[in-house]
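Dear colleague,

I am passing on the structure we spoke about, and below it you will find notes on what came out of it. Please read them with the model open beside you.

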Amino acid sequence: MSVYDQLQALNITLPPVATPAAAYVPFVQSGNLLFLSGHIARKDGQVWTGQLGRNVDTAEGKLAARAVAIDLLGTLHAATGDLNRIARIVKVMSLVNSTADFTEQHLVTNGCSELLGQVFGAKGIHARSAFGVAQIPLGACVEIELIAELA
């Protein structure tokens with residue numbers, strides 16, 4: 001099944017690339033690696049704000065991370081022209097806006113990782129880091145960046 005068939009089966013429509021909010025570009029290709037800048041969580045077109053352990057629970061954080069994954073897929077599509085060109089998702093780094101005592105950043109980040117696995121199959125299984133941070137730009141609850149290898 002192609003990546004696009006899988007997206008259709010999951011009822012996912014790819015969004016356009018978001019305009020950078022500062023002095024950076026959405027992606028950079030170096031050799032056969034594609035580096036995607038951090039994407040913040042959005043809900044209904046607005047920044048998905050909140051802090052895990054304070055006013056966002058793990059389940060909602062996981063949904064936010066899934067939403068970020070969809071935005072990352074939109075950027076991957078814009079960068080490649082064809083998601084079937086992705087040989088592998090190499091690495092995901094997740095920043096979770098969380099209180100000092102919140103320890104489920106890894107479970108929040110599963111929202112992104114699980115979707116990448118569903119969309120790309122074995123090619124979507126990746127290395128990963130998940131960090132708790134005191135704040136993310138614009139008060140977003142989750143920010144994720146990604147490295148992909150092109151075929």
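Among contacts in the chain between residues at least 6 apart in sequence, what percentage join residues at least 24 apart? The share is 81%, where contact means heavy atoms within 4.5 Å.

Please keep in mind that this is a predicted model, in which local features need pLDDT of at least 70 and side-chain atom pairs count only at pLDDT 80 or more, while totals for chains, interfaces and linings use all residues. Residues are numbered from 1 along each chain as its sequence is written, and side-chain values use heavy atoms, with hydrogens and water left out.

The chain has three helices and seven strands, these being DSSP runs numbered from the N terminus (helices H or I, at least four residues; strands E, at least two). From the N terminus on, the order is α-β-β-β-β-α-β-α-β-β.

Strand E7 (residues 142–150) has seven of its nine residues buried, that is, under 20% relative accessible area, with exposed meaning over 50% and partly exposed in between (1.4 Å probe, protein chains only). E7 pairs in the antiparallel sense with strand E2 (residues 33–40) over six bridges and with strand E5 (residues 86–97) over nine bridges, pairing requiring that DSSP finds at least two bridges between two strands. Phe 35 stands opposite Ile 147 in E7, and Arg 88 stands opposite Glu 149 in E7.

Val 28, which lies in strand E1 (residues 27–30), counts as partly exposed because its relative accessibility is 43%. Of the 151 residues of the chain, 42% count as buried.

Best regards
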